[in-house]
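Dear colleague,

I am passing on the structure below, together with some notes on what turned up in it. Please read the notes with the coordinates open beside you.

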Amino acid sequence: MPPLFGNVLDCLFAVSTRKILSRDDLLAERVRLRAAGKKLVFTNGVFDILHVGHVRYLEQARALGDALVVAINSDRAARELKGEGRPLMNQDERAEILAALRAVNYVTIFDDLSPRSLISELLPDVLVKGGDYALDEIHGREEVERSCGRVVSLPFVEGVSSSAIIERMKKTRH
């Protein structure tokens, strides 16, 4: 591999992994963004198999503010939410893949089943979930609205989901 190509990849890896923050570092970054008058958008999920629905969703979410944080469920929480055999990729790999996306400014991993406690600490300006969630089903909605933030449910891309992809893969194996 030519040295320049290797350096570019190393540089991209370094940039994307710097976007993965601990809870404390994310909270400190939130203080910095607020002081700069920047609007923070928050979303969360397992993001097990990244697909076109995720990419469109994250691009739309990012357009709602100045910075987008994606909080992903830890492996333990993902297993509890999605069942045995999930997640297919571990939390560090999922975080790195999401951090490599242009639309994503920050990624953090949380171990709770619900992101409510993280949201209540972070108090994003905009809380976003996919259209498969009604507004009253979105965890953290009350906290965000109480702090004068906005809660948005973005359109769901029909027929595209990690579960549907997994089922399709199972059928093609048989």
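How many residues does helix H2 have, and how far does H2 reach from its first C-alpha to its last? Helix H2 (residues 23–35) has 13 residues and reaches 19 Å between those two atoms, close to the 18 Å expected at 1.5 Å a residue, the expected span being 1.5 Å times one less than the number of residues.

Before going further, a word on the basis: this is a predicted model, in which local features need pLDDT of at least 70 and side-chain atom pairs count only at pLDDT 80 or more, while totals for chains, interfaces and linings use all residues. Residues are numbered from 1 along each chain as its sequence is written, and side-chain values use heavy atoms, with hydrogens and water left out.

In H2, the residues Leu26, Leu27, Glu29, Arg30 and Leu33 are buried, where buried means under 20% relative accessible area, exposed over 50%, and partly exposed in between (1.4 Å probe, protein chains only). Seen down the axis of H2, its buried residues fall within an arc of 160°, so they line one face of the helix; the arc is that of the directions from the helix axis to the C-beta atoms. On the other side of H2, Asp24, Val31 and Ala35 are exposed. The buried residues of H2 pack against strands S1 (40–45), S2 (67–73) and S3 (106–110), and also against H6. Just after H2, Gly37 takes a positive phi of about 75°.

Helix H6 (residues 116–122) contains Ile119, which is buried with a relative accessible area of 0%. Leaving aside its neighbours within four places in sequence, Ile119 is in contact (heavy atoms within 4.5 Å) with Phe42, Pro124, Leu127, His139, Gly140 and Val144.

Of its 174 residues, 41% count as buried, and residues 24 or more positions apart account for 72% of the contacts with a separation of 6 or more.

Finally, the charged end of Lys129 sits over the ring of Tyr133, 4.6 Å from its centre, the criterion being NZ of Lys or CZ of Arg within 6 Å of the ring centre and within 35 degrees of the ring normal.

Methods: Helices (H or I, at least four residues) and strands (E, at least two) are DSSP runs, numbered from the N terminus.
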